[in-house]
Amino acid sequence: MDTIAFEPSQVSFFAKFDALSTLLNLFNLTSDVYVFIKNTDEKFMWMSRNLCDLHGLKSTGDYFGKTDLDLSPPDLAHGYMEEDRRIMETRKPILNCPWIVINKQGERNWYISTKIPLVGPGNEIVGTAGVMRDCTKTGDVLQPFHEMSEVISHIFSHYSQKIPVEDLATLMFLSVSQFERKFSRIFHATPQQFILKVRLDSAMRMLMETDLSITQISQKTGFYDSSFFTKQFKKMLGLTPREFRLKYVPRLRLSSIRRKKNGNSGKTE
């Protein structure tokens, strides 16, 4: 990523005050831009007041040292963190990426996120920084996302079924090639990749919130081949569905799942 070069007069000007502190205080006074800074361990080092409020944190100090897993459900947090790692590894920003964020009332809303890598004086990566904008409050700049709202609603309503790209293109009155180009330009992913992510996100919620077997979950989320489901799940999260459930399901409920499986077939998942 390009580094900003300052003129000597600019350096002299910034030296007259604490530029970083002033900038962060400015972000604290905005209401429509949510700002955060994380270190290489993906822990929050700074968060604007409105983002604290979005997560239901009482004071700005409550976020320090926490990760996305402390503030968001695992199905969403893992996606945020995987994106952070990709930014740090590639040293490239990710611009205008749509994300679902849950507010303190438990409501899921769409936000547009832009993230950049943070580079230290020795050219080492020291973390990431990002800004988010609420899709409902940013006007014309998000018009392309609104244009795709019917497509996204269709995907969320039918992810458990086969979703031909031709059907999605028809909703937009576009040819398949035109639709795929437009979709990829807006969401930085192909329609197939987006559908896969929606299915895996749903599978994570079912693993945590239900007693369904892994085979049942794979079928309910559109993966009619459970081995393909396991392969894609591990590729995205680094864990198999069974490992994910063992790691993130509360122990008491996990014991109930095991007893239920043992009672039915003598096996656990």
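In the predicted model, the protein chain exposes about 15200 Å², of which 54% is supplied by carbon and sulfur atoms. Of the 269 residues in the chain, 41% are buried. The secondary structure comprises 14 helices and 5 strands. Among contacts with a separation of 6 or more, 50% are accounted for by residues 24 or more positions apart.

The largest nonpolar core contains 31 residues, and within this set F179 and F233 touch the most other members. Two or more residues are given to this core by each of the elements α7 (149–158), α8 (165–171), α9 (176–187), α10 (191–209), α11 (214–220) and α12 (226–237). The greatest contribution is that of α10, with 9 residues. When neighbours within four places in sequence are left aside, the contacts of F179 are with M148, V151, V165, L168, A169, M172, L174 and P191. In soluble globular proteins, nonpolar side chains tend to be buried together.

Burial was also examined for a residue in a loop. E42 is placed between β1 (33–39) and β2 (44–47), in the loop that links the two strands. The relative accessible area of E42 is 7%, and because the limit for a buried residue is under 20%, E42 is classed as buried. Excluding residues up to four places away in sequence, E42 touches K66, T67, D68, M81, D84, R85 and M88.

Definitions and conventions
Residues numbered from 1 in each chain as written. Predicted model: local features only at pLDDT ≥ 70, side-chain atom pairs only at ≥ 80, totals over all residues. Heavy atoms only, no water. Helix = DSSP H or I, 4+ residues; strand = E, 2+ residues; numbered from the N terminus. Buried < 20%, exposed > 50% of the residue type's maximum accessible area, 1.4 Å probe, protein only. Contact = heavy atoms within 4.5 Å. Areas by Shrake-Rupley, 256 points an atom, 1.4 Å probe, with all protein chains shown as cover. Core = buried A, V, L, I, M, F, W, Y, C linked by side-chain atoms within 4.5 Å.
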